[in-house]
Amino acid sequence: MATIVVHHLEDSRSHRILWLLEELGLEYDIEMHRRHPKTNRSGKELRAVHPLGKAPIVVVDGEVFAESGAILESLLDRFDPESSLRPAPKTEEHRRYRFFLHYAEGSLMPPLLVKLLMGVLRGKNIPFLARPLTRAVAKTVDAQFTDPEIALHFDFLENELAERPFLCGDVFSAADIQASFPLEGATVRAGLGEARYPNIMAYMARLRARPGYQAAIARGGELNLSRFS
Ligand SMILES: N[C@@H](CCC(=O)N[C@@H](CS)C(=O)NCC(=O)O)C(=O)O
């Protein structure tokens with residue numbers, strides 16, 4: 001039997017990997033890592049496992065895997081290539097699967113990261129005298145880029161989820177696992193709420209209710225993304 005070790009950083013994308021492993025019913029060990037209480041950054045230990053030092057990192061029988069979308073795909077390839085978590089090739093569902101797997105990190109995450117950084121510019125870690133200036137910069141960037149960009153993505157997802165219960169179709173897939181993290185982040189820092197986005201919120205409730213999601217939380221801890229708000 002393969003040995004799987006997940007380097008899990010609290011309140012991070014590595015929740016995705018725990019969730020996938022739970023959905024697949026695989027056994028795994030967790031190496032727990034904490035964020036710096038002030039900066040929220042990871043420590044040096046993760047760099048000893050992979051030069052980028054970003055979570056998630058997974059080690060399977062000594063082989064190191066990084067980058068969450070690539071890890072999801074590698075785990076499916078190795079442990080359950082025919083899994084229903086990945087739609088059959090050459091189908092409309094698979095086309096959607098590939099799109100959303102890349103979209104989550106490549107398109108949805110960047111404006112949310114900018115939003116997070118604008119929050120830093122507004123926050124207490126900025127020297128007092130500089131704050132009026134950095135707050136003005138944050139306001140301009142949010143008004144001209146971040147907020148319209150985030151609204152564009154939320155409107156897109158809201159329309160997609162009006163058509164089908166999961167991103168690829170009727171069946172839950174690893175693309176939903178990949179997309180859940182930015183949406184979890186968006187609920188705490190980008191005003192993703194019931195009133196304007198009922199389909200996204202109902203979708204997230206469906207994801208959170210899955211036994212695999214719950215088991216990942218039970219093993220890896222609650223996903224507390226309000227630390228970034
Ligand atoms: N695109 C990468 C992003 C990895 C990433 O930035 N991970 C964050 C956690 S959510 C991290 O390790 N942050 C700590 C730091 O950069 O110090 C992935 O999907 O795996």
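In this predicted model, L117 sits in helix α4, which runs over residues 92–122. Is L117 buried, exposed or something in between? With a relative accessibility of 44%, L117 comes out as partly exposed, because that label covers values between the 20% mark for buried and the 50% mark for exposed.

Helix α3 comes next. This helix takes in residues 68–79, 12 residues in all, and at 1.5 Å a residue it should span 16 Å. Several α3 residues are tucked away from the surface: S68, G69, I71, L72, L75 and L76 are buried. Looking down the helix axis, these buried residues fall within an arc of 165 degrees, so they line one face of α3.

And what covers that buried set? The cover includes two other helices from either side of the numbering, α1 (14–24) and α6 (174–189), along with strands β3 (57–60) and β4 (63–66). Helix α4, the one that holds L117, is also part of the cover.

Between α3 and α4 there is a loop, and S83 is found in it. Despite its place in a loop, S83 is buried, with a relative accessible area of 6%. Setting aside neighbours within four places in sequence, S83 is in contact with L24 and L76. L76 is itself one of the buried residues of α3, while L24 falls within the stretch given for α1 (14–24).

Terms used: Residues are numbered from 1 along each chain as its sequence is written. This is a predicted model: local features need pLDDT of at least 70, side-chain atom pairs count only at pLDDT 80 or more; totals for chains, interfaces and linings use all residues. Side-chain values use heavy atoms; hydrogens and water are left out. Helices (H or I, at least four residues) and strands (E, at least two) are DSSP runs, numbered from the N terminus. Buried means under 20% relative accessible area, exposed over 50%, partly exposed in between (1.4 Å probe, protein chains only). The expected span of a helix is 1.5 Å times one less than its number of residues. The arc is that of the directions from the helix axis to the C-beta atoms. Contact means heavy atoms within 4.5 Å.
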